[in-house]
Amino acid sequence: MLNSGQTRCRLIERTGRRVRLTPAGLLLARRGREILDRMADVEAELRALNDEPIGTVRLGVFQSAIYSLAVPAANRLATTHPHLHLELVEMEPHESGPALRSGDADVIVTTTDYAGLTPGADLEVMSLGSDPVVLVLPQGHPLASRTAVDLAACKEETWACDRPQSYMADLTLRLCREAGFEPRVACRFSNYLMLLRHVETAGSVALLPALAVTADHAVVTRRLSPPVHRNVAVVVRRGAPQRAAVNAVIAALRDHPEIEALAAPDPARDHGDGDHRP
């Protein structure tokens, strides 16, 4: 712990019988997290000289990949690298790119189709797979009899959507407009579990990544015609600190058991018309 002699500043002062922080003390307190993080980075870098992953790695991951991808990776790392602590932070694509570049995240799982993510020489992008965007319907819905659904058939439906300006909300609005209508929105939930529950109980419809729809929901999913996919990737800053720990997290994310949603074919190869762009 730094003291007044080391900082050459008074850190505390007496006010009657009490002691309070001086302005210098308040500044040091605010910077405490940054100082501790840097100390952890240095320790990790020293240990990494022996290729031992250690320290805390903050993983920013969008909601639908938390339990399908990130939590299993964290469980594997807890066994294989007990000195590495993986901190999971829910971040949607419009949040994770800036967090990665600012250092608030060390690794992110995102979609490279999001316009706000501009890959450059500072970022390293590694593909995890292609995840189809599906139409989510309540059980017994007339459109469930179709193998694939043109969104133009949904113009009279009531929609459950994500928050405004989020990735899925923007995608839903754009695809509906391309189909010739404005979606009539009944609710906006950032939590996909609540959104799926609304489809179940209120009869709304929604567009969601296949990763977000699990078998414990009483809904029906149908692929879109033409198909729409999002490309899922793990992204890191080049030259990031704690490289051994970051590499271990990347390996755990990429070396996952088969996830059906991420095994979707790339429609750019199947159709050649770029319809995969969310």
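Start at the largest cavity, which has a volume of about 40 Å³ in this predicted model. A search of the whole structure turns up one cavity of 30 Å³ or more.

To display its lining, select Ala160, Cys161, Asp162, Met168, Ala169, Thr172, Tyr192, Leu195, Leu207 and Leu208. Then colour strand S8 (158–161), helix H6 (167–178), helix H7 (192–202) and strand S10 (206–209), the elements that give two or more residues each to that lining. H6 supplies the largest share, three residues.

Next, select helix H4, residues 66–80. Its 15 residues reach 20 Å from the first C-alpha to the last, close to the 21 Å expected at 1.5 Å a residue. Show side chains for Ile66, Leu69, Ala70, Ala73, Ala74 and Leu77, the buried residues of H4. Look down the helix axis: these buried residues fall within an arc of 120°, so they line one face of H4.

Now turn to the opposite face of H4. Tyr67, Asn75, Ala78 and Thr79 are exposed there, on the face turned away from the buried side.

Finally, zoom out to the whole chain. Nine helices and twelve strands make up its secondary structure. Of the 278 residues, 46% are buried. The chain exposes about 14,800 Å², with carbon and sulfur atoms supplying 51% of that area. Among contacts with a separation of 6 or more, 74% join residues 24 or more positions apart.

Key: Residues are numbered from 1 along each chain as its sequence is written. This is a predicted model: local features need pLDDT of at least 70, side-chain atom pairs count only at pLDDT 80 or more; totals for chains, interfaces and linings use all residues. Side-chain values use heavy atoms; hydrogens and water are left out. Helices (H or I, at least four residues) and strands (E, at least two) are DSSP runs, numbered from the N terminus. Buried means under 20% relative accessible area, exposed over 50%, partly exposed in between (1.4 Å probe, protein chains only). Contact means heavy atoms within 4.5 Å. Accessible areas come from the Shrake-Rupley method with a 1.4 Å probe; for residues, only the protein chains shown count as cover. The expected span of a helix is 1.5 Å times one less than its number of residues. The arc is that of the directions from the helix axis to the C-beta atoms. On a 1 Å grid over the protein atoms alone, a cavity is a set of points where a 1.4 Å probe fits but cannot get out, and a pocket is an open set with protein on both sides within 12 Å along at least five of seven lines; lining residues have an atom within 4 Å of a point. Grid points are joined across faces, edges and corners, and a volume is the space filled by probe spheres set on the points.
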